[in-house]
Amino acid sequence: GRGGYGQLGDGAAVVRLTPVTVSGLTGATELAAGGLHTCALLGDASVRCWGDDTSGQLGTGSSSAGQANTPVAVVGLSGPVVALDTGTFHTCAVIDDGTVQCWGNNGDRRLGATTTSDRTSTPVTVTGLTDVVDVAAGDRHTCALTGAGAVRCWGRNLDGQLGDGTDQATTSLTTPVAGGAVAVAVGEEHSCALLEDGTVRCWGDNGYGATGSPTTTLTVLTPTAVAGFAGATMLSAGGDNTCATTATALWCWGFNFSGQLGPSSTADRSSTPVRVLGL
């Protein structure tokens, strides 16, 4: 794929048309790809990142903007990491004590209200957040899943992606889902949660149907069920599309200009889940 910012981690900054091995990286247990950077969680619970670092999203602690063509260690983490995700220009990690630390671009307070700096290359703890088991980072907002099944979100809210019933800016954590969630996924400007009953609820920007609501509804301000869809087991969100698996199939909805919904659909968008055929 694209590698001009070193995000392929093979030591070069070029486009690669076939897979290349990330240099010097072993024991990875989880991987996350952001806008122009990539991070990996290792077996020893440390994190290494590579690629663009102009917003400090690699977590090196350096104040000088640049890039890394091979993995570098994230410094300043408060403890062992159990989960991580990368946004467009920021990164967040779940610490084993249930707290969350984020670093990188802080526009719209996507790192949490802890810091007012525009960027930080050192992890900062999101205040008021505990019992977290997973985190999902989008373009300018972030959501976390707690062990109690709640979803907590912070950052940009212009399209209702924080799920608090408004599209107004906020500096506090929101709780769009109070319980029953087992997974969370965040796209560019929308968010979704998989509930323990197998249903999916989404909120935020719906211009292309990414929340599963009719495309005549441009924004969805509170978690709303994807109509007629049940039995979900896994969930993932792209820029303006969402996908979920059931026991026997993969289903996607939202923007389809580049074929994101699979070969089953020729429409440029769909707010109704489309089954991906041949998979």
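Buried means under 20% relative accessible area, exposed over 50%, and partly exposed in between (1.4 Å probe, protein chains only). Strands (E, at least two residues) are DSSP runs, numbered from the N terminus. Two strands pair if DSSP finds at least two bridges between them. The model is predicted: local features need pLDDT of at least 70, and side-chain atom pairs count only at pLDDT 80 or more, while totals for chains, interfaces and linings use all residues. Residues are numbered from 1 along each chain as its sequence is written, and side-chain values use heavy atoms, without hydrogens and water.

**Exercise 1. Determine how strand 11 is enclosed.**

Step 1. Take residues 151-155 of strand 11; five of the five are buried.
Step 2. Sort the directions. Val 151, Cys 153 and Gly 155 point one way, Arg 152 and Trp 154 the other way.
Step 3. Conclude. Strand 11 is largely enclosed by the rest of the structure, because its five residues are buried.

**Exercise 2. Find the partners of Val 151.**

Step 1. Strand 10 (residues 141-146) runs antiparallel to strand 11, with five bridges. Here Leu 145 is the bridge partner of Val 151.
Step 2. Look at the turn. Four residues separate strands 10 and 11 in a hairpin, and Gly 149 there has a positive phi of about 85°.
Step 3. Strand 12 (residues 174-177) joins strand 11 through two bridges, also antiparallel. Val 177 is the partner of Val 151 in strand 12.
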